[in-house]
Amino acid sequence: MCAGAMALWRGLRCCRRALAWLPVLLIALLLLWSYYGYVCELCLVVYLVIFHILFVLFVWTYWKSVFTLPVQPDKKFHMSYADQERYENEERPEVQRQILAEIARKLPVYTRTGNGGIRFCDRCQLIKPDRCHHCSVCAMCVLKMDHHCPWVNNCIGFSNYKFFLLFLAYSLLYCLYIAATVFKYFIKYWTGELTNGRSKFHILFLLFVAIMFFVSLMFLFGYHCWLVSRNRSTLEAFSAPVFQNGPDKNGFNLGFVKNLQQVFGEEKKLWLLPIASSQGDGHFFPMRASCEARNPLLANEEQWEEDGIDEEPQGSGEASALVIERET
C-alpha cells in the first residue's frame, strides 16, 4: 500500500513538472508562428532586417531566462553535519537559538526576520544570506529571489534577473514593431483592398496577439523598471527587509545609477546584451545605512557606542534578535 502511494505521488510529481513546461511551449509556438506569418506569409521585405534583430534578441534573452539555473547559497551558509546533529538533538529552544546565533556570527548576514531574529531555512538547513528566500516550487533557497515565473518555468533571482528584464524589454519592442508594421496592412484588409485570404488571417491575428502582449508586457516591464530604480525585488516590495533598526524598504537603495549597476554592471556596453554582468556574487549587497554593516547579527551596546551611535537597551535587542525563522 505504501509502495503504491509512493508510486502515485511520484507519477503526480512528474505530471506536474511536465505541465509546468506548457507556458514555455506556448510562448515558443507563438514566437515561431509570428516568424512564419511575418516572414513567410506577409513577406514584408522592407522591415525584415530590424525584425530579425529583434527576433534574435527575443529568443536569446528568453533562452537565458529559462535555462539559467538559480544560484543557491554557498556551502559556508549551510550547517555542518556536527552543527546540524547538535541542533536537531537539542530540545531546548533557547539553546537551539544560541547554536544558530553562533553560526550566524561568522557570516556576512545583516537582514533579519520580522521579529528581529536569524533568518534560517529548516528545509535547506542553512542561514539565509541577505535577500535570499526559499522557493517552494524549485524546492531550494535562491539568492536574491525575485519571484517564480511560470512563463519561463524558472525562479527569477540573482543569476537571471538581468536576462528576465531584457526578455521583457525585447519582447515589448518585438510586439510593438510587429503591430506598427502590420497596422497599415490591417487597414487595407479592413477597407477590402487586400484580396489574399491567407494574408488576411495572419494580419488579423498578428496584430491582435501583438497588441495584447504589448499591453500586458508594458505594465509588467514598467513595474520591474520601478523596482530596479529602487533596488528592490518583488518580494521586498511586498514585505520590506528588516535590518538592525527594524524594517526599511529603502535599505538597499543606493541611488538610481548605482541601483542600475547592481543589476546590469558597470560596463554599459554589456547592459543591453544577455551576458552576466551583475555586481557581486549574490551573497552580500551594499546597504544604504553603512552603520548597519558594522556587525552582522546581535550587535551589542558597546560596539554601537564606539561608533557614536545611540542604540536601544541591549536587553530588548537580545530578546528579539534570537528568534528563528522557519520559512517555506
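What share of the contacts in the protein chain with a separation of 6 or more comes from residues 24 or more positions apart? I found that such residues account for 65% of those contacts, and I note beside this figure that the model is a predicted one.

For the secondary structure, I noted 11 helices and 9 strands in the protein chain. I then looked up burial and surface: 45% of the 328 residues count as buried, while the chain exposes about 18000 Å², of which carbon and sulfur atoms supply 63%.

Next I turned to the cysteines. I found 0 disulfides in the structure, and I looked at Cys155, whose closest cysteine sulfur, in Cys135, lies 3.7 Å away, which is too far for a bond because a disulfide needs the two sulfur atoms within 2.5 Å. I also checked the exposure of two cysteines: Cys155 is buried, with a relative accessible area of 0%, whereas Cys225 counts as partly exposed at a relative accessibility of 33%.

Last, I looked up the confidence. The protein chain averages a pLDDT of 84, and 84% of the residues score at least 70. Over residues 291–328, however, pLDDT stays under 50, and for this stretch the model has 77 contacts beyond four places in sequence. Where pLDDT is low, the predicted coordinates should not be read in detail, and I have therefore marked that caution in my notes.

How values were computed
Residues are numbered from 1 along each chain as its sequence is written. This is a predicted model: local features need pLDDT of at least 70, side-chain atom pairs count only at pLDDT 80 or more; totals for chains, interfaces and linings use all residues. Side-chain values use heavy atoms; hydrogens and water are left out. pLDDT is the predictor's confidence in each residue, from 0 to 100. Contact means heavy atoms within 4.5 Å. Buried means under 20% relative accessible area, exposed over 50%, partly exposed in between (1.4 Å probe, protein chains only). Helices (H or I, at least four residues) and strands (E, at least two) are DSSP runs, numbered from the N terminus. Accessible areas come from the Shrake-Rupley method with a 1.4 Å probe; for residues, only the protein chains shown count as cover.
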